[in-house]
Amino acid sequence: MKRLRILCIVCLICGLAALSFAEVSKRNATITDIKGKVEVRTSMGSWEAAKAGMVLTEGDIIVTKADSWATLNLSGTEEATVAMKPNSQLALAELVADKKEGSQKTLLDLALGEVLIKTQKLHAKESKFEVKTPTSIVGVRGTSFSVAVEAVE
């Protein structure tokens with residue numbers, strides 16, 4: 001019984017040590033340009049008016065109203081630009097980078113509207129760039145593309 005406890009403690013310490021060596025970090029997005037009424041809901045849950053230069057993090061939601069648009073720059077080793085058209089809602093579902101592997105994962109959740117994305121080629125095999133909609137998931141390795149979601153009445 002004593003050996004089992006010691007073994008469990010050693011396994012726990014090794015697991016925690018392995019986590020400390022992982023070099024996974026959160027990435028962010030910066031609003032580079034806006035026109036009209038654009039709002040952001042931070043991961044804290046409050047809505048506020050978007051401003052050029054505002055830094056967004058994983059879990060934040062950005063909404064463009066009628067006759068409004070916003071442009072985001074996603075940071076990382078392979079940068080991407082996201083242009084949001086009017087009446088769009090986009091959540092930054094996952095923005096992570098693994099420095100050890102040289103990879104990054106991006107998942108954008110488009111609930112409504114349209115986005116035009118320009119992303120650089122993903123070099124690491126483990127890297128992913130995906131856009132989720134209510135009916136599909138689009139994955140790319142580096143290109144320019146548009147994704148649109150229409151409102152269901």
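**The core and what surrounds it**

The largest nonpolar core has 28 residues, and the members that touch the most others are Leu56, Ile62, Val82, Leu90, Leu108 and Phe129. A nonpolar core here is a set of buried Ala, Val, Leu, Ile, Met, Phe, Trp, Tyr and Cys residues joined through side-chain atoms within 4.5 Å. At least two residues of this core come from each of strand 2 (28–35), strand 3 (38–41), strand 7 (69–74), strand 8 (80–84), strand 9 (88–98), strand 10 (103–119), strand 11 (128–132) and strand 13 (144–149). Strand 10 gives the most, with 4 residues. In soluble globular proteins, nonpolar side chains tend to be buried together.

This is a predicted model, in which local features need pLDDT of at least 70 and side-chain atom pairs count only at pLDDT 80 or more, while totals for chains, interfaces and linings use all residues. Residues are numbered from 1 along each chain as its sequence is written, and side-chain values use heavy atoms, with hydrogens and water left out.

The chain contains 1 helix and 13 strands. Helices (H or I, at least four residues) and strands (E, at least two) are DSSP runs, numbered from the N terminus. Of the 153 residues, 33% count as buried; buried means under 20% relative accessible area, exposed over 50%, and partly exposed in between (1.4 Å probe, protein chains only). Among contacts between residues at least 6 apart in sequence, 52% join residues at least 24 apart, where contact means heavy atoms within 4.5 Å.

Leaving aside neighbours within four places in sequence, Leu108 is in contact with residues including Leu74, Val82, Leu90 and Phe129. Thr119 also lies in strand 10 and counts as buried, at 9% relative accessibility. With the neighbours within four places again left aside, Thr119 is in contact with Glu79, Ala80, Phe129, Val140, Gly142 and Thr143.

Phe129 also takes part in an aromatic pair with Phe145, which is edge-to-face, at 6.5 Å centre to centre and 90 degrees between the planes. Rings of Phe, Tyr and Trp (its six-membered ring) pair if their centres lie within 6.5 Å; planes under 30 degrees apart count as stacked, over 60 as edge-to-face and the rest as tilted. Phe129 is in strand 11 and Phe145 in strand 13, so the pair ties together parts 16 residues apart in sequence. Both Phe129 and Phe145 are buried.

Strand 2 has two antiparallel partners to consider. Strand 5 (residues 55–57) pairs with strand 2 over 3 bridges, and Thr30 stands opposite Val55 there. Strand 7 is joined to strand 2 by 6 bridges, with Ala29 opposite Leu74. Two strands pair if DSSP finds at least two bridges between them.

In one of them, Lys26 meets Glu58 with the closest N and O atoms 2.7 Å apart. Lys26 is exposed at 58% relative accessibility, whereas Glu58 is partly exposed at 24%. Glu39 forms salt bridges with Lys37, at 3.8 Å between the closest N and O atoms, and with Lys65, at 3.9 Å. Through these shared partners, Lys37, Glu39 and Lys65 are joined into one network.

Technical notes. Salt bridge = Lys/Arg side-chain N within 4 Å of Asp/Glu carboxyl O.
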